[in-house]
Amino acid sequence: MTTSIKYGIAGILAGLIGVMIYGAATYVLHVAPASSSTVSLPVQPFEVDASWVKSGQPNFKAVEFSKAADGSSSSGIFEADGPSTFEWHYQLDESIYVLSGGVDIDYLGKRFTLRAGDTAFFRAGTTALWHVPQGGIRKTWTLYNPGRLARWFARLSN
């Protein structure tokens, strides 16, 4: 192996180690302290673009209870009452877990129903039509930004 190739590989490895150290340091400097008591975070009214609402007068509420120091992910609780129908535009990848209530969803040409205990995943850059029945829905959400390159590869796999 030539010297220039060895130095090139060493440089790449040093760069990767540097990125890993930077990520670890950022985490240590910004991570929330471990809980030593309970914290009450009630859901608050949440504004949604009025053009997204197709029928009904849903009251949206949400609270974010966790966010990564680098902003790549966050989690929270979301509520919407029904009967109502609205679009949801996903800016980031989103996983949900339904806590109570339910919803019928039109997504990527398919229709499915989610009830308490069900989960679903929505890819960034997509839109779903939510049909919330009387009684509404309460769900957790986790948003994740995998980055542009990962989203580009994900589109190729579908």
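Predicted model: local features only at pLDDT ≥ 70, side-chain atom pairs only at ≥ 80, totals over all residues.
Let us begin with Glu79, whose bridge partner in strand E10 is Arg138. Strand E10 covers residues 137-144, and strand E4, residues 73-80, is joined to E10 by 8 bridges, the two running antiparallel. Two terms are needed here. Strands pair if DSSP finds at least two bridges between them. The strands themselves are DSSP runs of E with at least two residues, and helices are runs of H or I with at least four residues, numbered from the N terminus.

Residues are numbered from 1 along each chain as its sequence is written, and side-chain values use heavy atoms, with hydrogens and water left out.

Back to our pair. The side chains of Arg138 and Glu79 also meet in a salt bridge, at 2.1 Å from N to O. The two residues link distant parts of the chain, with Arg138 in strand E10 and Glu79 in strand E4, 59 residues apart. By a salt bridge I mean a side-chain nitrogen of Lys or Arg within 4 Å of a carboxyl oxygen of Asp or Glu. Arg138 counts as partly exposed because its relative accessible area is 30%. The classes are these: buried is under 20% relative accessible area, exposed is over 50%, and partly exposed lies in between, with a 1.4 Å probe and protein chains only.

How many salt bridges does a search of the whole structure find? The search finds 4. Another of them joins Lys54 to Glu87, with the closest N and O atoms 3.8 Å apart. This pair, too, links distant parts of the chain: Lys54 sits in strand E2, residues 53-55, and Glu87 in strand E5, 33 residues apart. Lys54 is partly exposed, with a relative accessible area of 45%, and Glu87 is partly exposed at 22%.

Glu87 leads us to the next strand pairing. Its bridge partner in E9 is Leu129. Strands E5, residues 84-89, and E9, residues 127-132, run antiparallel and are joined by 6 bridges. Leu129 in E9 also stands opposite Asp106. Strand E6, residues 93-107, is joined to E9 by 4 bridges, again in the antiparallel sense. E6 pairs with E10 as well, antiparallel and over 8 bridges, and there Asp93 has Tyr144 as its bridge partner.

Asp106 takes part in a salt bridge of its own, with Arg111, where the closest N and O atoms are 3.5 Å apart. Asp106 is partly exposed, at 25% relative accessible area, whereas Arg111 counts as exposed at 52%.

Now the loops. Leu108 lies in the loop between E6 and strand E7, residues 110-115. Leu108 has a positive phi of about 50° although it is not a glycine, and with 60% relative accessibility Leu108 is exposed. In the loop between E4 and E5 we find Pro83, and the peptide bond from Gly82 to Pro83 is cis, with omega near 5°. Which residue has its C-alpha atom 5.9 Å from that of Gly82, 53 residues apart along the chain? That residue is Gly135. Gly135 is placed in the loop between E9 and E10 and is exposed, with a relative accessible area of 69%.

Finally, the empty space. Rolling a probe the size of a water molecule over the atoms shows where such space is left. On a 1 Å grid over the protein atoms alone, a cavity is a set of points where a 1.4 Å probe fits but cannot get out; a pocket is an open set with protein on both sides within 12 Å along at least five of seven lines; and lining residues have an atom within 4 Å of a point.

The largest pocket holds about 300 Å³ of space. Of its 15 lining residues, Phe46, Trp88, Glu94, Trp141 and Leu143 are the closest to its centre. Strands E3 (60-67), E5 and E10 each supply at least two residues of this lining.

The structure also holds 1 cavity of 30 Å³ or more, and the largest cavity has about 40 Å³ of space. Its lining consists of Phe78, Trp88, Tyr90, Glu94, Trp130 and Lys139.

Notes. Points joined across faces, edges and corners; volume = space filled by probe spheres on them.
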